[in-house]
Amino acid sequence: MTDDSTLNLVRPPIPRMAVVDAARTYIGKPWEWGGRNRWNAIDCIGLLVLVAEDLGLPSKWGMDGYTFSSYASDSYYFDGHELSMRSLMAKPLNQIEVSDAGIGDIECYWIRDRKIVCHCGIVTDRGVIHTHQGSMEVIETERGSFWKRRVKCAFRYPGVDAEGGVANG
């Protein structure tokens, strides 16, 4: 009989395309601000949470402190006083250099003001999977100049393979 505490089990790295494949299962899912329910509607953070759960990753995102206020709210400013999207995501994810972001990684974008990060998506081999008020559903769009010039920070799910993530979109 083996004592489980003595086993040194190491989970193999999660392939980057496994992240993308999980995210693609949500394409067409309706958008709703603050949505975290795979059976109803989700928002951009909800997409990340559900993909993490699908990959078997811990998904305790500290949502008790997440502010579901408007995009214009100061809760997104990096002033150290309010919870920003960047600080929320830094809890369960590994922050990486924006230049290192590739397939299966997460990019965070400013939308209305260069100081506010209020949207995020998962980089794919064809673009980026995201959901927001403008599309009203989860979509995969080209990762063109509109998105690339708005990237403020990037993250990687823990356990995802660090190699082989070059994104063409």
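The legends below describe close-up views of a predicted model. Local features need pLDDT of at least 70 and side-chain atom pairs count only at pLDDT 80 or more, while totals for chains, interfaces and linings use all residues. Residues are numbered from 1 along each chain as its sequence is written, and side-chain values use heavy atoms, with hydrogens and water left out.

**View 1. Strand β4, residues 128–131, is covered on both faces.** Val128 and His130 lie on one side and Ile129 and Thr131 on the other, and all are buried (under 20% relative accessible area; exposed is over 50% and partly exposed in between, with a 1.4 Å probe and protein chains only). Strands (E, at least two residues) and helices (H or I, at least four) are DSSP runs numbered from the N terminus.

**View 2. Strand β3, residues 117–123, runs antiparallel to β4.** Two bridges join β3 to β4; strands pair if DSSP finds at least two bridges between them. Ile122 has Ile129 of β4 as its bridge partner. The hairpin from β3 to β4 passes through four residues.

**View 3. Strand β5, residues 138–141, is antiparallel to β4.** Four bridges join β4 and β5, and His130 stands opposite Ile139 of β5. Six residues lie between the strands in this hairpin, where Met136 takes a positive phi near 65 degrees.

**View 4. Leu48 sits in helix α2, residues 44–54.** Leu48 counts as buried because its relative accessible area is 0%. The C-alpha atoms of Leu48 and Ala23 are 8.1 Å apart in space, and the two residues are 25 residues apart in sequence.
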